[in-house]
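Please have a look at it before reading on.

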Amino acid sequence: MAFAAFCGLGLGWDVAPAAAQGRLEAQYEATLSGIPVGRGAWTIDIQDDVFSAAASGGTIGILKSFTGGSGTGASQGRVVNGALVATGYQASTTTSKKTEEIHIVLDKGNVKEFGIAPEPPVDPDRIVVTEAHRRGVWDPMTASLLRVPGTGEPVSPEACHTGAPVFDGRMRYDLKLDFKRMESVKAEKGYRGPVVVCALYFVPVAGYIPDRPVIKYLAAQRSIEIAFAPVAGTRILVPFWVKIPTPLGPAMLEATSFITAPQPPKVAKTQ
């Protein structure tokens with residue numbers, strides 16, 4: 001799904017001794033050269049032992065007149081020693097031409113099952129995704145939940161010292177981060193405070209057609225930036241905005257509403 005792909009990245013299987021709980025409800029707007037072209041919503045719920053994330057989005061304005069489309073995506077899994085371990089991912093995209101659905105089943109970072117419906121035709125120019133490519137990976141949604149280890153301030157330069165191997169059901173790629181700077185943001189509703197801005201690099205590995213212009217363009221980009229803000233009550237950071245230069249002007253996805261709050265730990269039931 002485009003919304004998840006726009007902001008998909010994460011980090012390795014680090015662990016922490018204590019679990020934390022928090023929730024985020026956010027609204028995003030996508031623009032191209034300052035013109036609104038899409039809107040999306042993202043909800044993240046992190047409990048002491050399970051988590052879930054769900055996003056939806058669609059084109060608006062002039063872009064909808066030419067290439068109208070919408071999509072949803074979701075992931076869910078367990079919280080193990082503070083780390084988010086996904087067990088499933090689902091995505092659906094709809095355009096004027098077709099609807100496509102993707103599902104992935106994971107076990108400790110290894111893909112156990114996946115599928116695309118309807119099944120896409122085989123393209124001999126596409127680099128084959130092997131079983132090895134589907135080991136030790138993140139789904140696009142969980143990969144966007146950046147966990148910062150340690151006990152210091154999570155919104156810090158150290159948050160950008162990471163990367164993620166991602167499998168989205170069709171393509172295997174790496175996303176890498178480097179620290180750029182610290183900034184302050186103010187959503188129209190909700191969060192106001194610091195964000196950490198990272199450079200984002202896209203490295204295709206398999207499942208893509210090398211001659212595709214969009215792949216070549218993204219792989220060559222060194223000016224993509226992404227800013228992370230915290231989910232209250234946790235050590236999880238999520239994208240507040242993403243900026244991508246394009247031949248048609250700067251593309252940006254930015255939170256207009258970013259409402260987050262810690263959740264109290266569950267109280268054990270007694271007889």
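Is Glu29 buried, partly exposed or exposed? At 25% relative accessibility, Glu29 counts as partly exposed; here buried means under 20% relative accessible area, exposed over 50% and partly exposed in between, with a 1.4 Å probe and protein chains only.

## About the model

This is a predicted model, in which local features need pLDDT of at least 70, side-chain atom pairs count only at pLDDT 80 or more, and totals for chains, interfaces and linings use all residues. Residues are numbered from 1 along each chain as its sequence is written, and side-chain values use heavy atoms, leaving out hydrogens and water.

## Salt bridges

Ten salt bridges are counted, each a side-chain nitrogen of Lys or Arg within 4 Å of a carboxyl oxygen of Asp or Glu. In one of them, Glu29 pairs with Arg39, with the closest N and O atoms 3.9 Å apart. Arg39 is exposed, at 51% relative accessible area.

Arg181 and Glu183 also form a salt bridge, their closest N and O atoms lying 2.7 Å apart. Both belong to a network of salt bridges that links Lys180, Arg181, Glu183 and Glu225.

## Nonpolar cores

A nonpolar core is a set of buried Ala, Val, Leu, Ile, Met, Phe, Trp, Tyr and Cys residues joined through side-chain atoms within 4.5 Å. The largest has 43 residues, and those touching the most other members include Trp42, Leu145 and Phe240. Apart from this core lies another of 25 residues, among them Met171 and Ile215.
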